[in-house]
Amino acid sequence: MPLDLNSPFARDIAHHIHPQTNLRLHESEGPLLIDRGEGVYVIDADGKRLIEGMGGMWCTSLGFSETRLADAAARQMRHLPYMQVFAHRSTGPVIDLASQLTTMAPGPSAGECMDKALFACSGSEANDTAMKLVWYYHHAIGKPEKRKIISRRRGYHGTTIASASLTGLPNMHQDFNLPLTGVLHVTCPHFYREGKPGETEAEFVERLAQELESLILAEGPETIGAFIAEPVMGTGGVVVPPEGYFARIQQVLRRHEVLMIADEVICGFGRTGEMWGCERFGIQPDMLTCAKQLSSAYFPISATLVSRAIYEAMLVESDKLGNFSHGFTYGGHPVGAAVALETLAIYRERDIVGHVRQVSPRLLDGLRALESHPLVGEVRGVGLMAAVELVQDKGTRASFPSARKVPGYLAAAVQRRGVLLRGRDDALLFSPPLIINEAEIDIILNAVAEGLDETLAWLR
Ligand code: PLP
């Protein structure tokens, strides 16, 4: 049938640039048009129901039809649709949200919370802000040369110029003239891929801590401002850090007065089975960034939370310069704040963390049962985030050549069975809405098991 050039499908191809997409392929394949959402399902333009096994992009924690969030947005839109928070202006929702976030977020020492919240609209902006605050802080304490930031290969921190520099994925840098100078990357703590033959996990952790310390010493500790890390790497392949990793890393950071930034954009708000990934992995951050599940993605909002020490330094700079000259028009948007407040209320009322702890073994144990499949090298995860890593050879752990696009084939096979997942590099990634139940998890597990068999048959 000839393509109707006025159809949404054809107009998407004609007019719309899709981020993180193979643009040439899109011209021939076109979009997957999603019409509406219902619980953990999205429904495409042909009426086909698909479980959104990635929760949008690690973000729609409360699913796709939470009317309380829609009502909270509508109420706030009618009451006060916008007000800036520049130049001393403020609104009730922003004040309430800042109070709640700072009292719930872990700070730089045991029992200490964060001190202040600064709002933006995306995870990238929150991390850009954190990077600027690292520089600002070190100016305030008289160490302006302490400005380099250490991140990790395969870490993901966003796509703006600064946050893409922090990101440790080569395709986010190539031909964009990134990373910026002054951003350094160390080894990803993925024992299965980065561990050496015969090395124990404890030895691996020690090697990574020593690598970090050697880098700091080689560059000069007086030049290193901060270390940024996701508690569990998400986009880089759901890399759960080995036991003791963050404790050792933080010993090194403290020794050299390097700030710790926890990127909780994915992990924050229950994803790992704790409210914060920091709590799950014993991280005591000087700054914490969050977004995504902060509003269940119903409204773009993010926050950079800072410790008392960082805020005091900001006061010093503001005194010196007469102003804290940073901020976004839509940062502290009252509608975003109202939606986030309702989201946090629902998390509390429904004990979302408890729910994740209750249902996540169904997902993780179910996926681990697939480890005997010839294509599966490793299953890893925590809470409701997981990855199934595909290998060509289980003995050597050799990956498939990327040109064969095996994870992509598997994701398509799973999609034909009614589940949307993301195939990335060598792995299939899972991050369903946190409200998912065990019956829905079983649908995902069956689709993946059958999809793996179909992929194996296709490869043979
Ligand atoms: N940090 C992490 C850990 C993320 O996963 C992402 C996005 O996936 C970001 C930051 C960037 O967030 P955004 O896409 O909202 O800019």
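In the predicted model, four strands form an open sheet with mixed pairing, in which the strand order is β1-β2-β3-β13. The edges of this sheet are taken by β1 (34–38) and β13 (419–420), each of which pairs on one side only. Strand β3, spanning residues 49–52, is joined to β13 by two bridges, and these two strands run parallel; within this pairing, Ile51 stands opposite Val419 of β13.

Helix α9 comprises the 19 residues 201–219 and reaches 27 Å from its first C-alpha to its last, a span close to the 27 Å expected at 1.5 Å a residue. Five of its residues, namely Val205, Leu208, Ala209, Leu212 and Ile216, are buried. These residues lie on the same side of α9, because the arc that they cover around the axis is only 95°. The face turned away from this buried side carries Glu203, Gln210, Ser214, Leu217 and Ala218, which are exposed. The cover over the buried residues of α9 includes the strands β5 (148–152), β6 (183–186) and β7 (224–229), together with the helix α10 (245–255). Just after α9, Gly220 adopts a positive phi of about 100°.

A further site was examined around His139, a residue of helix α6, which extends over residues 123–140. His139 counts as partly exposed because it has 17 C-beta neighbours inside 10 Å, a count that falls between the limit of 12 or fewer for an exposed residue and that of 20 or more for a buried one. When neighbours within four places in sequence are left aside, His139 is in contact with Pro144 and Glu317. The latter, Glu317, is 178 residues away from His139 along the chain, yet the C-alpha atoms of the two residues are separated by 7.7 Å.

At the level of the whole protein chain, the secondary structure amounts to 16 helices and 15 strands. The C-alpha atoms occupy a box of roughly 65 × 60 × 45 Å when the dimensions are taken along the principal axes. The radius of gyration of the protein chain is 22 Å, which agrees with the value near 23 Å that a compact globule of 460 residues would have. Of the 460 residues in the protein chain, 48% are buried.

Methods
Residues are numbered from 1 along each chain as its sequence is written. This is a predicted model: local features need pLDDT of at least 70, side-chain atom pairs count only at pLDDT 80 or more; totals for chains, interfaces and linings use all residues. The expected span of a helix is 1.5 Å times one less than its number of residues. The arc is that of the directions from the helix axis to the C-beta atoms. Two residues are in contact if their C-beta atoms, placed from the backbone, lie within 7 Å. Two strands pair if DSSP finds at least two bridges between them. The radius of gyration is taken over C-alpha atoms; the globule rule is 2.2 Å times the number of residues to the power 0.38.
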